[in-house]
Amino acid sequence: MKRIKCLLACTMLLVNFTSFAQESDAQSDYDNLPAGYISDDLFIYMHAGPGNNYRILGSINAGDEIKLTEKQENGYTQIVDSKNRTTWVESKYVSSKPGLRVAIAELNAKLADNEDVNLQTTNDLSKANREILELAEKNEQLNQKITDLTKQLSQTQSQLSTQDMAIKKEYFFNGAIVLVIGLLLGLILPRIAARKRSSMDNWR
């Protein structure tokens, strides 16, 4: 009984492994096939063989991407759909270029990308404008400081000029006073000396 169970388990593992290998091979084959598209009809039927007399396996939507096996017969083309089913559809519905739905989707994607770029550009522009305004304000502040410093320098120079003039006037007046005193002394002292001499002469 245990042997039978072991054999069943091994058989199940082998079957699962084989199925997984087949799926991997099928997926690899699907990826290597050239791409194609279903044209812009609403949907078309997929057949088991190249003709309407073959069994219908399902339908495929317009614009769906498919893989082409490059087999054609009786106006039908063999394809592999996204579910990895190998079927036949009428060749007139098969195109190597994306259909309108795919093109619109691509345009919408590009439009969304452009909107993102425009939004980023707008944000960058707003940021740049804010920085320009900040720099303009700082420049105005610096200009105001320069104006204030210029006024202070002018006032200081005016004060220094006034002080220099006052000092020169003071020197001039002091010199004039000394000169007047010297003149007065020059006039008075000789007279005093002469009076003293005349007094001394009278005493003799």
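**Figure 1. Confidence and overall make-up of the predicted chain.** The chain has a mean pLDDT of 78, and 75% of its residues reach 70 or more; pLDDT is the predictor's confidence in each residue, from 0 to 100. Over residues 17-24 the pLDDT is below 50, and beyond near neighbours in sequence this stretch has zero contacts in the model, a contact being heavy atoms within 4.5 Å. Where pLDDT is low, the predicted coordinates should not be read in detail. This is a predicted model, in which local features need pLDDT of at least 70 and side-chain atom pairs count only at pLDDT 80 or more, while totals for chains, interfaces and linings use all residues. Residues are numbered from 1 along each chain as its sequence is written, and side-chain values use heavy atoms, with hydrogens and water left out. The chain contains two helices and seven strands, arranged along the sequence as α-β-β-β-β-β-β-β-α. Helices (H or I, at least four residues) and strands (E, at least two) are DSSP runs, numbered from the N terminus. Confidence is lowest in helix H1 (residues 2-32), at a mean of 51, and highest in S5, at 91.

**Figure 2. Surface and burial of the chain.** The accessible surface comes to about 16,700 Å², of which 59% belongs to carbon and sulfur atoms; such areas come from the Shrake-Rupley method with a 1.4 Å probe, and for residues only the protein chains shown count as cover. Of the 204 residues, 14% count as buried. Buried means under 20% relative accessible area, exposed over 50%, and partly exposed in between (1.4 Å probe, protein chains only). Among contacts between residues at least 6 apart in sequence, 53% join residues at least 24 apart.

**Figure 3. Strand S5 and its two partners.** Five of the five residues of S5 are buried. Tyr 76, Gln 78 and Val 80 lie on one side of the strand, Thr 77 and Ile 79 on the other, and both faces are covered. S5 pairs with S4 in the antiparallel sense over four bridges, and with S6, also in the antiparallel sense, over five bridges; two strands pair if DSSP finds at least two bridges between them. Thr 77 of S5 stands opposite Gln 72, and the bridge partner of Thr 77 in S6 is Val 89.

**Figure 4. Turns and residues with positive phi.** Most residues other than glycine have a negative phi. The hairpin of S4 and S5 has two residues between the strands, and Asn 74 in this turn has a positive phi of about 55°. In the hairpin of S5 and S6, five residues lie between the strands, and Asn 84 in the turn has a positive phi of about 65°. Asn 84 belongs to the loop between strand S5 (76-80) and strand S6 (86-90). Asn 84 counts as partly exposed because its relative accessibility is 28%. Glu 70, although not a glycine, also has a positive phi, of about 70°, but Glu 70 lies within strand S4 (residues 65-73). With a relative accessible area of 66%, Glu 70 is therefore exposed.

**Figure 5. The largest nonpolar core.** Nine residues make up this core: Ile 44, Met 46, Ile 60, Ile 66, Leu 68, Ile 79, Val 89, Tyr 93 and Val 94. Strand S2 (43-47) and S4 are the elements that give two or more residues to the core. A nonpolar core is a set of buried Ala, Val, Leu, Ile, Met, Phe, Trp, Tyr and Cys residues joined through side-chain atoms within 4.5 Å. In soluble globular proteins, nonpolar side chains tend to be buried together. Leaving aside neighbours within four places in sequence, Met 46 is in contact with residues including Ile 60, Ile 79, Thr 87 and Val 89.

Figure 6. His 47 is located in strand S2 and is buried because its relative accessible area is 6%. The His 47 side chain reaches the backbone oxygen of Tyr 54 at 3.1 Å, where a polar contact is a pair of N or O atoms within 3.5 Å; within protein, one must be able to donate a hydrogen and the other to accept it, and residues adjacent in sequence count only if both atoms are side-chain atoms. Beyond neighbours within four places in sequence, the contacts of His 47 include Tyr 76, Thr 87 and Trp 88. Thr 87 is located in strand S6 and is buried, with a relative accessible area of 0%. Not counting residues up to four places away in sequence, Thr 87 touches Met 46, His 47, Leu 57, Thr 77, Gln 78 and Ile 79.
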